[in-house]
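Me: I am new to this structure and would like a close look at one part of the backbone.

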Amino acid sequence: MFGAIRLDRQYVKKVKCSNSFWWLKDGQWKAVWLSEDQTGSNQKELERMMREHPGEPSVISRGRVLGALMPTRAFGDCRYKWPLEAQQDLFPVLYSRGHRYATTPSNYNTPPYVTAKPVIVKHQLSENDKFIVIASDGLYDQLSDEEVIDSVAQWYEARSDVNKDAGSDSTLTTQDSNGATHLIRAALSTDRLGRRSDSVIRRLLAIPPPHSRRFRDDISVTIVTLNRD
């Protein structure tokens with residue numbers, strides 16, 4: 001995910017991750033989603049893949065590229081991009097050196113199946129736009145959209161000059177001075193029933209790789225605050 005901001009607008013180039021844009025209006029937080037997940041469950045991506053690989057019904061199987069990879073646009077993932085001849089030359093050597101993913105997917109007929117070409121979205125900025133959240137899909141595996149909004153809004157309001165100017169005695173408290181850290185902490189401390197506890201995050205972070213992938217995906221978050229002063 002890439003974002004470029006001019007004085008009047010924002011451009012988002014979407015390759016793999018999830019992205020949202022939130023603003024405050026009339027005291028209520030609302031979210032504007034700037035991108036869609038680039039996966040086989042996205043109807044537009046499904047139709048594109050079928051057009052690019054005619055006669056291959058398994059190009060998207062079980063919502064995944066060739067039945068295995070979730071994203072349809074991504075950096076890396078060379079086993080879904082390289083010509084078969086190159087894979088046959090290189091993968092046996094790489095696999096013998098411990099690269100267990102150096103194998104050719106099944107039904108690999110007309111590569112590339114995955115592209116790094118982004119989907120570009122333009123959003124017109126307004127005075128109500130307060131911040132941008134760019135996050136990987138691992139965040140949304142742990143939190144619902146509403147929980148993400150509530151967590152970032154809590155962090156933003158606790159540190160906003162709006163409360164100070166209004167003379168508000170806000171009772172909102174956050175442990176982290178960094179908004180992205182606050183959001184990741186909220187994600188990792190929430191159990192499957194939506195309850196939050198520090199013991200949950202301790203248990204999750206104590207699980208070593210590769211076993212940790214069974215319980216959580218990697219989480220990357222960037223929060224950009226739009227300070228117009």
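Where does Pro112 lie?

Reply: Pro112 lies in the loop between α2 (84-96) and β7 (119-124). Helices here are DSSP runs of H or I with at least four residues, strands are runs of E with at least two, and both are numbered from the N terminus. This is a predicted model, in which local features need pLDDT of at least 70, side-chain atom pairs count only at pLDDT 80 or more, and totals for chains, interfaces and linings use all residues. Residues are numbered from 1 along each chain as its sequence is written, and side-chain values use heavy atoms, with hydrogens and water left out.

Most peptide bonds are trans, and most residues other than glycine have a negative phi. The bond that joins Pro111 and Pro112 is cis, with omega about 0 degrees. The loop between α2 and β7 also holds Asn107. Asn107 is not a glycine, yet its phi is positive, at about 60 degrees. With a relative accessible area of 45%, Asn107 is partly exposed; buried means under 20%, exposed over 50%, and partly exposed in between, with a 1.4 Å probe and protein chains only.

Leu66 is not a glycine either, and has a positive phi of about 50 degrees. Leu66 is buried, its relative accessible area being 11%.

A cis peptide bond also joins Pro209 and Pro210, again with omega about 0 degrees. Pro210 is found in the loop between α7 (198-206) and β9 (221-225).
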